Amino acid sequence: MFTNLSRASAPAVKALGRSLARSSCFSSTRLIRPTILKTGSLLAQFSTSRSALEASGNTLNDYMKSDIVKGEGAKVDVKKVVIVGSGGLSIGQAGEFDYSGAQAIKAMKESNVHTILINPNIATIQTSHYLADEVYFLPLTPEYLINILERERPDGVLLTFGGQTALNLGVKLDKMGVFDRLGVKVLGTPIKTLETSEDRDLFAEALKEIDIPIAESVAVGTVDDALAAAENVGYPVIIRSAYSLGGLGSGFADNKEELEAMAARSLSLTPQILVEKSLKGWKEVEYEVVRDSANNCITVCNMENFDPLGIHTGDSIVVAPSQTLSDEEYHMLRSAAIKIIRHLGVVGECNVQYALHPSGLDYRVIEVNARLSRSSALASKATGYPLAYTAAKIALGHTLPELPNAVTKTTTANFEPSLDYIVTKIPRWDLRKFQHVQRDIGSAMKSVGEVMAIGRTFEESFQKAIRQVDPSFLGFEGIKFDDLDNALSVPTDRRLWAVGQALLNENYSVDQIHELTKIDKWFLYKLENIYNVQKEIKAAGSLEGLTAELITKAKKHGFSDKQVAKFVGSTEAEVRAKRKSFGVTPFVKRIDTLAAEFPANTNYLYTTYNASTNDVEFNENGTMVLGSGVYRIGSSVEFDWCGVSATRALREVGKKTIMVNYNPETVSTDFDECDRLYFEELSYERVMDIYEMENAQGVVVSVGGQLPQNIALKLQDNGAKVLGTDPKMIDAAEDRYKFSQILDKIGVDQPAWKELSSVDAAKDFADSVGYPVLVRPSYVLSGAAMNVCYDEAKLEQTLTNAASVSPDHPVVITKFISGAREIDVDAVASSGKLLIHAVSEHVENAGVHSGDATLILPPIGLEKEVIERCKEIAVKVAKAWEITGPFNMQIIKADNEETGVPDLKVIECNLRASRSFPFVSKVLGTNFIDVAVRALVGRDVPEPVDPMVEQRDYVAIKVPQFSWTRLAGADPFLGVEMASTGEVACFGKDAKEAYWTALQSTQNFVVPKPGRGILLGGDINKPELAKVTEILAPMGYKLYCVSDAVEEHLNKVLAGKGELTKIEFPKKDKRALRAVFQKYEIDSVINLAHSRAADLLDADYIMRRNAVDFNITLVNDAKCAVLFAEALQAKIPTLKEGEMPSEVKRWSEWVGGKAL
């Protein structure tokens, strides 16, 4: 039964909603009928029931001839278009723009428009030649974009597919008159509309003109004006930033002191802020709206936040379609959204965010994004409606009625999707990785990724989503808190577990939890249903006590086999066998945008237990590719590139493909990239279910990062054919003990190591090899819980944490070699024979996680002999582990004074693709994943080649993208645990040019200008600090420091050839500190500290932290600081107005052809 909650009358909903929500048999799916809009009329609509469609003709041609729609609009005459990307992935602007940009390129190519992409994010799918015709890996700055426009002379430019970065860039160029001067058309939404939606004053005025209510607010440009505005508006207030992404620089203030500190920080990031009356506690609702140039409008998706207003929508749990709105509320907000998009003149896609009073029809518009956003990607995947593709077609002048529905192929794009399922999005945070970070969440986004789960009840969808975010949680659970009431009332990244603890373990009532959290009771009653089923399962007592009825009920409520096993004291395998013996297996349903009302042959699938039939026949016997799951620190768009490359390569060799992934930000979850897409969990249970139903030919586990690797052995042990390297060998590489033993056997050197059995044994080992030592758990991603220990106290502290990461696997301790260089080897082998490899060198010394390292390729700092020895090691490793497919190694190069020949020691080996695979593939011009897939399936396997012997006249450098600004309090210090959220890479004629360009490609980087200030600090024993000072002093920079020791040391170094001045440094007064930075015109901070700060008053920590808080360039690694200074020295004198910089070249010009 599907109850159409949204279409009932408001009084009926209010009366029935609570009791129905309590009922565990009530389906929480909201069935929305598809709506086709008559052109030019806001309210003229009719339901596309079968009779209605037959009356107007049941084919697209008949439909087009009817009077329901307008015909084609005037097409925009463009032959060549520049698409502006979004740059490196960061908090607030992540993989969703790879997806939207890739869709835009597909739409352009389909219309025979030549596409030129500017995006320095080398890990993305869109920066491949099978999509964009030409690619520029260059910074997204006005200077570089102007150079490209002058060089390429395009007819048009697309600004709404690259997030806030592209939008801000476009607005700047328009103000400079560049587009008019060069005759470049801005396609889609006009610049004036973009400015109106971004400038809070203009936005407020525009909405007043059409009587749409917004929160009372005042736009200000100074701290004093902000304080005055708050007095008028009344506390509490919220600060919002203009022209910022992910709510950067926004927050709530309850008093003058809080506002003063927040306004100072926000105004360092953006020129204008809005002081607004707080509506914290209201519901937050979003609508995705599309409008074409002929004024046709549709709302594609409406979404409701599980969390009340006050938490950025990117940090909120979001449910689609909305579950608690009455019919009246739903249509009121829908009508307002269409009114807004028409008044603003949006041409394409738009996102409208509302605050809705929890007990009435009072609402306020919070924000309008007149561009593709994170919510757009979610809405696309939630409904199956390709928003970015449609927006790109509209930008070319097409109208909605003439565009086909990409899913059904039989109706047009001028319809509102209908859902017979429910979608839950849950964000992923990685705040625990950062020292001193504040874990509260509010109006500024902090999450690094998100998952989307599809089910036919809220309970099913919700529990799926929890497991997707973090597989260590089996479903809806609780964790202990010292102060549970505080954990419920103050939103943090862990509040969901506080709700679980209160409901499941502490006997809190729904009313109590609602009072503390303001989460709508409808949702809380649904969570109570999960609790009630959990009690029933526990009451069964044992595996024997589980009945077919109870297992079915559990599965319908989203319980996994592992979860059920835990409650009855059994194992996952036993519960699975019992479930299957009862014939309880999932059903496969289609996402067809039409709620199954009309025939649709779509390949977009999900599984559910709330069904009675399958929507597909299982006759394709495809090859499964397991995706990378949620984006998190350590696993991001790089692995999505690997997944998409793998499915494309499989299709090229004639294989049917099945992609399994659940990340709405990805290109791999675009249904035209594979033969069948399962938007599903990457758990053993679900992957095995799909494998068995599809009778798959095999499963690829080596392109999705760590998640697929973790289940590879279990899949094989239970009958699945894992393609490529034997999972037993994967286990032998992941298990540090087995790994080290094999290296010893094949004569490959490694640092001294020992398996950890007790703290005392660890101390004895550390004493014997000497500190520092590195503690590493097995089976980790991105260095989780790895630590370098410089003394016994640190070792003891670290062991406690490391042991809790992977209790099933022992912890290994190794000698850490200080001052060594690190080398990355990415490779592909077939049956133990090396086919291709790449050797990249790190700029930073060993001790910085490879994901945070700056990579150089070709490795110009390595001797030919060292590169050859790296290959020899790769050959031995490939043979020993019998590798078929991709693998990656990290090697330490350490000087050996006795032999004079450097030692090469392997510190890590992953028998899967690594995050540097897209980088090496694009720099060397050979797709390593394409080679790997041919090895995996044994079809057209190429002969071995050695790309490292080829001489190249270019260098590429990959640099990390950090999101320190977002993570209030976190210490911007690099170590063995990964901290970056993304990466960018650029080419150059040498390392200095490539690094110069790559650094400018990172977010918030500002080139320090001679005559301005650079603040220096850190460990005076690091020779690099002196070297940097010597390079910068003659260039005209004003050099400053804050400590006596640094001042004395560096002035000795300069010996009168320049001057370093010690300045005042107020540690406890942020506003006073900001004034100091402004007074001395400090553009950059170079801080080369020896170790992380012990406390928050450490001068080096304050220097690093406030550099990122004040939006000032920070360099925090010694080797990078030297390269940075050398790049400034080489490039600053060459900057001449009107001259094209030498680095402005297409990717195809650098590598000599259109690779990949």
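Author: Bear in mind that this is a predicted model.

Reader: Which residue stands opposite Arg590 in strand 21?

Author: Opposite Arg590 stands Leu605.

Reader: And what is the strand order in the open sheet?

Author: The open sheet has six strands in the order 20-21-24-23-22-25, and the pairing is mixed. Strand 20 (587–590) and strand 25 (698–700) stand at the edges with a single partner strand each, so one side of each is left without a neighbour in the sheet. From one strand to the next, the twist averages 30 degrees.

Reader: Let's go to strand 23. How many of its residues are buried?

Author: Five of the five residues of strand 23 (residues 657–661) are buried, so the strand is largely enclosed by the rest of the structure.

Reader: Which way do the side chains point from strand 23?

Author: Thr657, Met659 and Asn661 point one way, whereas Ile658 and Val660 point the other way, and all are buried.

Reader: How does strand 23 pair with strand 22?

Author: Strand 22 (residues 623–626) pairs with strand 23 in the parallel sense, over four bridges, and within that pairing Met624 has Ile658 in strand 23 as its bridge partner. Together with helix 23 (residues 637–652), strand 22 and strand 23 make a β-α-β unit, which is right-handed.

Reader: What about strand 23 and strand 24, parallel or antiparallel?

Author: Strand 23 and strand 24 (residues 676–679) run parallel, and four bridges join them. One of the residues involved is Val660, whose bridge partner in strand 24 is Tyr678.

Reader: Changing topic to the helices: at what angle do helix 24 and helix 25 pack?

Author: Helix 24 (residues 684–694) and helix 25 (residues 706–717) pack at an angle of about 50 degrees, and their axes are 10 Å apart.

Reader: Why would you call helix 24 and helix 25 oblique to each other?

Author: Their angle is about 50 degrees. Angles under 35 degrees count as roughly parallel and those of 65 to 115 as roughly perpendicular, with over 145 being roughly antiparallel and the rest oblique; helix 24 and helix 25 are therefore oblique to each other.

Reader: Is the crossing of helix 24 and helix 25 left-handed or right-handed, and which residues meet there?

Author: The crossing of helix 24 and helix 25 is right-handed. On the helix 24 side Tyr684, Val687 and Met688 take part, and they meet Ile711, Lys714 and Leu715 in helix 25.

Notes. Residues are numbered from 1 along each chain as its sequence is written. This is a predicted model: local features need pLDDT of at least 70, side-chain atom pairs count only at pLDDT 80 or more; totals for chains, interfaces and linings use all residues. Side-chain values use heavy atoms; hydrogens and water are left out. Buried means under 20% relative accessible area, exposed over 50%, partly exposed in between (1.4 Å probe, protein chains only). Helices (H or I, at least four residues) and strands (E, at least two) are DSSP runs, numbered from the N terminus. Two strands pair if DSSP finds at least two bridges between them. A crossover is right-handed if, with the strands pointing away from the viewer, the path from the first strand over the helix to the second runs clockwise. Axes are lines fitted to C-alpha atoms, for helices over the stretch in contact, and angles run from 0 to 180 degrees between N-to-C directions. A crossing is left-handed if the near helix is turned anticlockwise from the far one by less than a right angle, and right-handed if clockwise. Contact means heavy atoms within 4.5 Å.
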